[in-house]
Amino acid sequence: MDRYAVLVFHDQPLTNEQHLAFTLALGPLENTARNTLRKAADFRLPPTFADVSNLDGSNTPYAADDRRRLFAIGNRLWHSDSSFKAVPAKYSLLRAVRIPSKGGNTEFAHMGAAYEALDGETKLLIEDLVCEHSQLFSRETIGFAEFTPEERERFKPVRQRLVRTLPRTGRKSIYLSSHAGTIVGWPLPEARLLLRDLTEHATQREFVYSHRWQVHDLVIWDNRQTMHRGRPYPPDEARDVRRTTIAGDGPTVEQAAAA
Ligand SMILES: [Fe+2]
């Protein structure tokens, strides 16, 4: 994982129990139950899983205008899983149970390679910057901005370093995500423009692998050194993909109360 950041295992017809057991062998689980707008009645999977499908509690694709779907498709923006949590995710393990007839690729961008390709001046500029991340920011980007007070409280921003160092290798990476919405101490428009520039740089094709799913694929990625995004697929077709998540080792920066 340190070397490649994304690993693909074809032909793994796992049960949920096997998927979970394998995950637990790699580290402690992150609780992802409160990351979505899915209500308990919609849960198709045990709370140890993030349900990344487009299916409601009766295995039917959400209607195209369903609010839960419109929130969920925010994952088509480049992001790192759970960067909106004070302790963000380490590894994600995603398994394909059903896939649509076309589309639905997952693309990965290597943020270590992207960091190394930055010029020295930019490396210096971003070295000590701290961003605020929230699902409110990523959703605002796609025009999804109506949240209840409870949701606003649940999704309030956390802080993350913009440059991370992978502990075992010492390799640096840019810790970007569409959830990043501000840079502490910077005027907002300038912060958004720097984040956009860095994202454009980091997602050039030379840094990107596009995964075309097959049923029974298991793909594991390191959220500390990659971003990823889902690609569109026909909304009336089922895409049943199930994720477990390994918790990170700790916060990337001391958590002052985020504004
Ligand atoms: Fe994701």
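View 1. His79 (NE2), Asp81 (OD) and His228 (NE2) are the protein donors of the iron ion and lie 2.1 Å from it. Donors are N, O and S atoms within 2.8 Å of the metal (3.2 Å for Na, K and Ca); water is not among the atoms, so sites may look incomplete. Along the sequence, the donor residues follow the spacing H-x1-D-x146-H. The model is predicted, and local features need pLDDT of at least 70, side-chain atom pairs count only at pLDDT 80 or more, and totals for chains, interfaces and linings use all residues. Residues are numbered from 1 along each chain as its sequence is written, and side-chain values use heavy atoms, with hydrogens and water left out.

**View 2. The two histidine donors, His79 and His228****.** The pair links distant parts of the chain, 149 residues apart: His79 lies in the loop between helix H2 (67-72) and strand S3 (89-98), and His228 in strand S12 (residues 226-230). Helices (H or I, at least four residues) and strands (E, at least two) are DSSP runs, numbered from the N terminus. His79 is buried at a relative accessible area of 6%, and His228 is buried at 5%. Buried means under 20% relative accessible area, exposed over 50%, and partly exposed in between (1.4 Å probe, protein chains only).

**View 3. Arg44 and its polar contacts.** Arg44 is placed in the loop between helix H1 (16-26) and strand S2 (50-51), and is buried, with a relative accessible area of 18%. Its side chain makes a polar contact of 2.8 Å with the side chain of Asp51 and another, also 2.8 Å, with that of Asp240. A polar contact is a pair of N or O atoms within 3.5 Å; within protein, one must be able to donate a hydrogen and the other to accept it, and residues adjacent in sequence count only if both atoms are side-chain atoms.
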